[in-house]
Amino acid sequence: MKRMMHIFENKLIEQRLIAEDTAIFGEREGSIVWNRTTRLTDILESVFNSLNISSLLYSRPAEPYWSLLEYLCESSFPVLHLRDNETRTFLHDIPILRDFDPAAISTELRRRKSVYVLGHGIVTHGTMTSEQAFVNYSSICFSAFVKFFADYLVHIRAGEASAAEKETMKRVLDNLSPMNEINDKLLTGPFATEEDVYRAVSEAGKPVVRHGLVDSVMGNVSYLWNGVLFISQTGSFLDALEKCIDPCPIDNSSCAGITASTELPTHLAIVRGTSKKAVLHGHPKFSVIMSLFCEKHDCPNIDACNTKCVEQRYLGDIPIVPGESGTGKFAIVNTVPPALADSRGAIVYGHGVFTTGAVDFNEPFQNLVDIESMARTGYFNLI
Amino acid sequence: MHGWTGRILKIDLDSKKVSEENPGKGVYEKYIGGKGLAGYYLKDHITKAWNDPEMPLLLFNGPLSGTQSPTSGRMTVMSRSPQTGTVGDASVGGKFGTRMKNAGWDGIIITGRSGSPCGIEISDDRVSFTDASLLSGKLTGEISSILGEKGSSAVTGPASENGVKFSSVIFDRHYAAGRNGLGLIFAAKNLKYITVKGTGKTEVADPEGLKKAREDILRLAAASPVVMGELGITNYGTAAIYDLMDSRRMMPTDNFRKTHFDHAKEMNAAVYKHKYHPKRYGCMGCHILCKKMTEQGEALPEFETMNHFSSLLLNTDTDTVMEANRLCNEMGMDTISAGATLAAYSEIRGKILSGDEIVRLIADIGLGRGNGKALGAGSFDYAAAMGKPEASITVKKLELPAYDPRGAYGMALGYAVSTRGGCHLRAYPIGSEILRKPVPTDRFSFSGKSMIIKISEDANAVVDSLTACKFIFFGASLEEYANAYSAVTGCETSGQELLRIGERIYYAQRMMNAANGFSSVHDDLPARFFNEDGSSGNGIEISRINRDDFIAARSLYYSVRGLDENGIPRKEMVKELGLT
């Protein structure tokens, strides 16, 4: 029987977050079933039995995540504080342990979704399904990557990078995938039928994931057609959108899109009253890292950059704006749509990138790629 | 103590005497408050008849009541259900829970029976009894107006006086403790109303910690499309779910004979918003503001009510739904049970009810006249009396709400094993199966659902004990609420530790039901769902539920819940959970 844990173990491997045969994944319904048995399985089983959960995952991350997580967790022991906004919102922070001790792991997992064990890797759980464990694992890798590169940039510019940090960066760069030329061709608009729109939206998410421009269930995509915004659902994987697209009439005559992406208000604000039809939102790592980099050290809002930044900031020609997910006074619905009015994209501080197109997804996808390429180049120029 | 006052008010209506109970911190830490603590005080009486004067009526708030913790304005009402014979409890919003805490009480336990209709008025430590004879026969809205400035109120209407099995208690005019017929418990005690007000404040152990927890919770709520999104509950109320249920082909229609309503687009939340121009309104201490009211102060129907007075009865007139909702609340009776009982009536009579007939029958039920007298027994007893038991769509005699279980198998299992009968809120698997929170699951599979139902029941038992609102858990989780609880009470805890307490609270309810003879025989669904397909369409197939799969999932649920093969609590589990 193909269990959820097998599906998500494969996903971790495909996304190069773990190596093959390294994950120990367990699920419980009646009894606990493991994907493999190792010397650690007994320890993990005792952890599992001490918690009211449905799944448990342990694995050593693949490089470069392994090197940077080991460095970050060693240097910030006993807790790793994250910097990107979305991950910080639901993971809060990551407790760190020195020993693979079941009682200590249980204690930490009672209050947090995940724990990092030095010399071993990430232990995380899903209260209801294995998908939660996968999302936690993937999010830790993403946020640790962002934190490591963002911190390093600050340290190197200030002349404060330690030898260990530099050595770690060297190992990380040795294992960092190059950003190859990307020229995927997506469906060409304008689209004649609703079926074409569904196909275009489904297709648009795939290269975003394939090229590492978004992780786990982050990001969203939409297209406006005949007064209806077709948008990815909340918590959906952008490379598997076939049954996860909500049609939302922009006149709000139906609430059937209540399961739509958290960023529905922002997508609606972008397309309402403009010629924009396609909206793409990803979390490309270097764009997020560069959005965090600011050398205005005397800023009065330095502790609230994600909500209260008033500076006119740019990465090249791309505006960097503050804002939080969803709704409220500081929501990105207030900052992203105006920033996109005269720009091919907008970067949200510590969060991700929005791009738009007037006809189809070719333009926003290419802009997403270009912005990330610019951010990556800019980063390495700075260090 | 912080969070709790450490004081529970005991009222004996036989003697009209009051006393104080001080359970000690250990009991509080073991049962939290709300549903947990009320259950603790019910368990020794659960085998008594519901109308035995010694059967307690319990009203409990939680440690978060009266604090800055989001959605802390709710509370629990509990007794033995006159309708189902099970544990009967309802989580209800408004201000009453907070005002009770302001008055210095964590809970109120009422026993005995007044010689004549009476009211109880609580103002801090002062408790007075009033003659409520003149309120008999009056509608709940009128009584609430008469009580005016006396404080937050809990009142019953004509339905409870006339023995309607699904009588409700109306709090602060607009909030119903709807399910399980708890209004009849008031009537059994000759109690017409309770008011409460107070001048105290909830002591918080760590205000800064609470502020941080609050910020975390609010941020997650803001990022939840279901809660605060453009199409979410804040903007449309629970009515926001109406379109979704129909688009997923699981909208109970024509007494659960169909799962799609052709007129859904004419009866959805957007239509109500356009037609009645509602304003946002909410419980004390809540920023979600899910209740919608007209400028004239009339409450718009909740999702369940919208469904049961429209598609379930094939009614296409929103004014009828508005009037049915208003009348049920004025009479003091549960809209879900009322709508479902009328749907059974419609099926048995073989006729679609007109809008006028719907409204007239509701009045007849509430006033105990004509056909309403028989219908007031609820759909189970009514259909049985008519020789058509299959027309009653109930679990443990409680009418099902507005999610057809053929469209969500976790919901099917959740309905069946619920400790208060056909209830969607014990586990609320619609969150994951339909609303994709906290994580999407396959709605047409029982795989994994036994564990999901068990954990969700535990989690919601905690939510109802803290007390908080289930809606905010479409964004936040017990991880964040554990921090709020720790900050308020000073008792360090974690999400997992709270889940363990939830497990104890829920298991205690299974024990109480078992003491009254409930077992796997009662943990079942109406035959219709195993024998008839739903309304497939739009590429969605709604098939009958495979009974073998259902039985297997239920067995697995018993296993993970620590029950025996008949759904009866095991001694070793009772001991392990500290329930001996």
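The model is a predicted one, in which local features need pLDDT of at least 70 and side-chain atom pairs count only at pLDDT 80 or more, while totals for chains, interfaces and linings use all residues. Residues are numbered from 1 along each chain as its sequence is written, and chains are lettered from A and ligands numbered from 1 in the order in which they are written.

Strand S1 (residues 8-12) of chain B runs parallel to strand S6 (residues 107-111) of chain B, with five bridges between them, and Lys10(B) has Ile109(B) as its bridge partner in S6(B). S1(B) is also joined by five bridges to strand S2 (residues 17-21) of chain B, here in the antiparallel sense, with Glu20(B) in S2(B) as the bridge partner of Leu9(B). The hairpin of S1(B) and S2(B) has four residues between the strands, and Lys16(B) takes a positive phi near 60° in this hairpin. Strand S3 (residues 57-60) of chain B pairs with S6(B) in the antiparallel sense over four bridges, and Leu58(B) stands opposite Ile109(B) in S6(B).

## The eight-stranded sheet of chain A

In chain A, eight strands form an open sheet of mixed pairing, in the order S10-S9-S8-S11-S15-S14-S13-S12. Its edges are strand S10 (245-249) and strand S12 (313-315) of chain A, each with a single partner strand, so one side of each is left without a neighbour in the sheet. From one strand to the next the twist averages 25°.

Strand S8 (residues 220-225) and strand S9 (residues 228-232) of chain A pair in the antiparallel sense over four bridges, and Ser222(A) has Ile231(A) as its bridge partner in S9(A). Helix H8 (residues 194-210) of chain A lies across S8, S9, S10 and strand S11 (278-282) of chain A, running at about 155° to S8(A). Helix H9 (residues 264-271) of chain A lies across S8, S9, S10, S11 and strand S15 (352-357) of chain A, and runs at about 140° to S9(A).

## Domains of chain A

Chain A is divided into domain 1 (4-174) and domain 2 (194-382), with bounds that come from an automatic or database domain assignment. The C-alpha centres of these two domains lie 27 Å apart. In all, 15 residues of domain 1 of chain A are in contact with 16 residues of domain 2 of chain A, contact requiring that the C-beta atoms of two residues, placed from the backbone, lie within 7 Å. The largest share of the side of domain 1 that touches domain 2, eleven residues, comes from H6(A).

## The contact between the chains and the nonpolar core

Between the chains, 48 residues of chain B are in contact with 40 residues of chain A. The largest share of the side of chain B that touches chain A, six residues, comes from H22(B). Cys255(A) touches residues of chain B that include Leu231(B), Tyr236(B) and Ala270(B).

The largest nonpolar core has 306 residues, and those with the most contacts inside it are Cys255(A), Ala412(B), Val462(B) and Ile472(B); such a core is a set of buried Ala, Val, Leu, Ile, Met, Phe, Trp, Tyr and Cys residues joined through C-beta atoms within 7 Å. Helix H6 (residues 130-157) of chain A gives the most to this core, with 14 residues. Domain 1 and domain 2 of chain A both give residues to this core, so it lies between them.

## A covered helix in chain B

Helix H18 (residues 409-417) of chain B is mostly covered, with nine of its nine residues buried, a residue being buried if 20 or more other C-beta atoms lie within 10 Å of its own, exposed if 12 or fewer, and partly exposed in between, with C-beta atoms placed from the backbone. Among the buried residues of H18(B) are Tyr409(B), Ala412(B) and Val417(B). The buried residues of H18(B) pack against strand S15 (394-395), helix H19 (430-433), H20, helix H23 (528-531) and H24 of chain B.

Definitions and conventions
Helix = DSSP H or I, 4+ residues; strand = E, 2+ residues; numbered from the N terminus. Pairing = 2+ DSSP bridges. Axes fitted to C-alpha atoms, helices over the stretch in contact; angles between N-to-C directions. Lists of a residue's contacts leave out its neighbours within four places in sequence.
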